[in-house]
Amino acid sequence: MKKLLSATAFLMALCFSPFALSLDEKVYVNVNGMVCDFCARALEKVFGRQESVESIKVDLDDRLVVIHLRKGEQLDDATITQLITDSGYAVREIKRGE
Amino acid sequence: MRLLLRTFVGAGLIVPALVLARPVSYSGGWTLMLMNDGTKNTVHAHYSPTAKTSLGYRFEYWQNRELRLDLLQVNRLLKRWNRPDSQANLYLKSGVGIAHGNEFDDKARMAGFASLAADWENRRYFVAYENRYTWMKDGDDFFSQSARIGWAPYEGDYGDLHTWLMLQVDHLADNRMVITPLVRFFKGVHLLETGLSDRGAVLLNYIFRY
């Protein structure tokens, strides 16, 4: 019982720790059709309107958009896909993590 | 407005050209385009409520005809092909408004145009084609078309200065052909083009996207 309580306490601490919150702070999106600075600017502006987004970085070389979320905020895949579409481009893949 | 045009264009620095730039921005985006195409100078400001449509105002001044057009313009992205390393587009552009000019004894006339534009580009190569049918009540209707190819000597990332070497060919309403080599500089929200045609005229275009 003592071990079970300890394990539960450890897991809860892990869940609410800054480390746990930061697991989802970056979202990596591979984007099709992103070929110029106007494309990158469009993505910056569209994602910049989202309160959950701290900032984004566009890498034309890797066709990659890195979305930095605010602490504790979430942005689901469907919303990301819609925002990329609103920018005029297409999502190839979404990955999450540090 | 006239001062702006004079400053931007300069006396006699006119080259026949259709400019070939994406006429639709992202959802909520604004774009300002200042263009010299030889027979005319153009200011086009548009807003894109969606990534497939833009609405705007277009001003054109045709020097040789001393003709002025004030138009409401609607651009529609008919199809976009987004690929990992490239993008292609097909647009329908249209405008309707009023023409003023000596040929109409300075009286206003209804005018409009319809245009199809297609482009393909990756980060090294660029190909585009555009045509336009222009109509004016009690005036001469005319058709013009333009094509452009481009090559980037290096690939820059976002925020770098991008440089393109381009060649534009215009087929004008009076059946003249004009060839214009030009260079495009592209950085962030600014795009600047300058060139010199085979008729010795300077091309100067500027686009700002907000």
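## Ground rules

This is a predicted model, so local features need pLDDT of at least 70 and side-chain atom pairs count only at pLDDT 80 or more, while totals for chains, interfaces and linings use all residues. Residues are numbered from 1 along each chain as its sequence is written, chains are lettered from A and ligands numbered from 1 in the order in which they are written, and side-chain values use heavy atoms, with hydrogens and water left out.

## Helix 3 of chain A

Let's start with helix 3 of chain A, residues 37–48. Helices here are DSSP runs of H or I with at least four residues, strands are runs of E with at least two, and both are numbered from the N terminus. The helix has twelve residues and spans 16 Å from first C-alpha to last, close to the 16 Å expected at 1.5 Å a residue; that expected span is 1.5 Å times one less than the number of residues.

It's mostly covered, with nine of the twelve residues buried. Buried means under 20% relative accessible area, exposed means over 50%, and partly exposed sits in between (1.4 Å probe, protein chains only). The buried set is Asp37(A), Phe38(A), Cys39(A), Ala40(A), Arg41(A), Ala42(A), Leu43(A), Val46(A) and Phe47(A).

## A buried arginine without a salt bridge

Over in chain B, Arg209(B) lies in strand 12 (residues 202–209). Arg209(B) is buried but has no salt bridge, and the nearest side chain of opposite charge, Glu121(B), is 9.0 Å away. For charges, Lys and Arg count as positive and Asp and Glu as negative, with His and the chain ends not counted. A salt bridge is a side-chain nitrogen of Lys or Arg within 4 Å of a carboxyl oxygen of Asp or Glu.

What the Arg209(B) side chain does reach is the backbone oxygen of Arg22(B), at 3.1 Å. Leaving aside neighbours within four places in sequence, Arg209(B) is in contact (heavy atoms within 4.5 Å) with residues including Phe38(A), Arg22(B), Tyr26(B), Trp30(B) and His46(B). Phe38(A) is one of the buried residues of helix 3 of chain A.

## Salt bridges

Across all chains, the structure has 17 salt bridges. One joins Asp85(B) to Arg63(A), with the closest N and O atoms 2.5 Å apart. This pair crosses between chains, from the loop between strands 4 (67–83) and 5 (86–101) of chain B to the loop between strands 2 (53–59) and 3 (64–69) of chain A. Asp85(B) is partly exposed at 40%, and Arg63(A) is partly exposed at 23%.

Arg132(B) and Glu60(B) also pair up, at 2.6 Å. Arg132(B) is in strand 7 (residues 125–136) and Glu60(B) in strand 3 (residues 53–62) of chain B, so the bridge ties together parts 72 residues apart in sequence. Here both ends are buried: Arg132(B) at 3% and Glu60(B) at 0%.

Then there's Glu155(B) with Arg124(B), at 3.7 Å, N to O. These two sit in loops of chain B, 31 residues apart. Salt bridges that share partners join Asp61(A), Arg123(B), Arg124(B) and Glu155(B) into one network.

Definitions and conventions
A polar contact is a pair of N or O atoms within 3.5 Å; within protein, one must be able to donate a hydrogen and the other to accept it, and residues adjacent in sequence count only if both atoms are side-chain atoms.
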